[in-house]
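Please look over the sequence and the structure shown here, and then follow the strand pairing and the disulfides in the paragraphs below.

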Amino acid sequence: MAVAAAALPAAAFGACPVELAVYGDSQSGAEIDFTPTGTSATVTNTLRMILDNNVVLNGIVMWNEGVSRPNGALMHKCPEGDVTGEELAACTLWNGVIYTSDDKGTVGLLPAEGVEAPKTLILPDLGPALRQSRAYGGSGFSKVPSDVFAMKGCQE
């Protein structure tokens, strides 16, 4: 059924909730797939970024307090179990606020789950951060994505 969904015009994605949305970067072919988070007191969104050479970054989004913003983090090969802040920082390749844009160019913030998926995601400075990461080059990924990802489908 996913093949049929890919053939639908972009307007057909209107009913897709953010936790099932799939986004793509035209520059590198990288993809962002959201997945349902489940029950978490702090994580509002769960995602993964798939880069070339089968490099997968795991991501989470947590809304901070005060000036409320969706702070995203993309991590690569983090240790399992109890992790120190230092260990987490070492495996985090990008973190920042995730912005969205609609068809009219109106910029907003990534919504929590259960809300219609935005048309475009903007991850500021993603490309430069990933290019400087330990996962770039060698046996890692070789194509650096841009900071802008367009919705390309909805998972079932």
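This is a predicted model: local features need pLDDT of at least 70, side-chain atom pairs count only at pLDDT 80 or more; totals for chains, interfaces and linings use all residues.

Which residue in E3 is the bridge partner of threonine 35? In E3, threonine 35 has threonine 46 as its bridge partner. Residues are numbered from 1 along each chain as its sequence is written, and side-chain values use heavy atoms, with hydrogens and water left out.

The bridge of threonine 35 and threonine 46 belongs to the pairing of E2 with strand E3 (residues 43-50), in which the two run antiparallel and are joined by 5 bridges. Helices (H or I, at least four residues) and strands (E, at least two) are DSSP runs, numbered from the N terminus, and two strands pair if DSSP finds at least two bridges between them. Strand E2 (residues 31-35) also pairs with strand E1 (residues 21-24), again in the antiparallel sense, over 3 bridges, and here valine 22 stands opposite aspartate 33 in E2. Between E1 and E2, which form a hairpin, there are 6 residues, and in the turn glycine 29 has a positive phi of about 85°.

We turn next to the disulfides. A disulfide is a covalent bond between the sulfur atoms of two cysteines; the criterion applied here is a pair of cysteine sulfur atoms within 2.5 Å. A search of the whole structure finds 2 disulfides, and with bonded cysteines counted along the chain they follow the pattern 1-4, 2-3.

One of them joins cysteine 16 to cysteine 154, with an S to S distance of 2.1 Å. Because cysteine 16 lies in the loop between helix H1 (2-6) and E1, and cysteine 154 in strand E10 (residues 148-154), this pair ties together parts that are 138 residues apart in sequence. The torsion about its S-S bond is about 90°, so the disulfide of cysteine 16 and cysteine 154 is right-handed. Cysteine 16 counts as buried, at 3% relative accessibility, where buried means under 20% relative accessible area, exposed over 50%, and partly exposed in between (1.4 Å probe, protein chains only).

Cysteine 78 and cysteine 91 form a disulfide with their sulfur atoms 1.8 Å apart. Cysteine 78 lies in the loop between strand E5 (70-75) and helix H2 (85-91), and cysteine 91 lies in helix H2, so the pair ties together parts that are 13 residues apart in sequence. Since the torsion about the S-S bond of cysteine 78 and cysteine 91 is about 90°, this disulfide is right-handed. Cysteine 78 is partly exposed, with a relative accessible area of 23%, whereas cysteine 91 is buried, with a relative accessible area of 3%.
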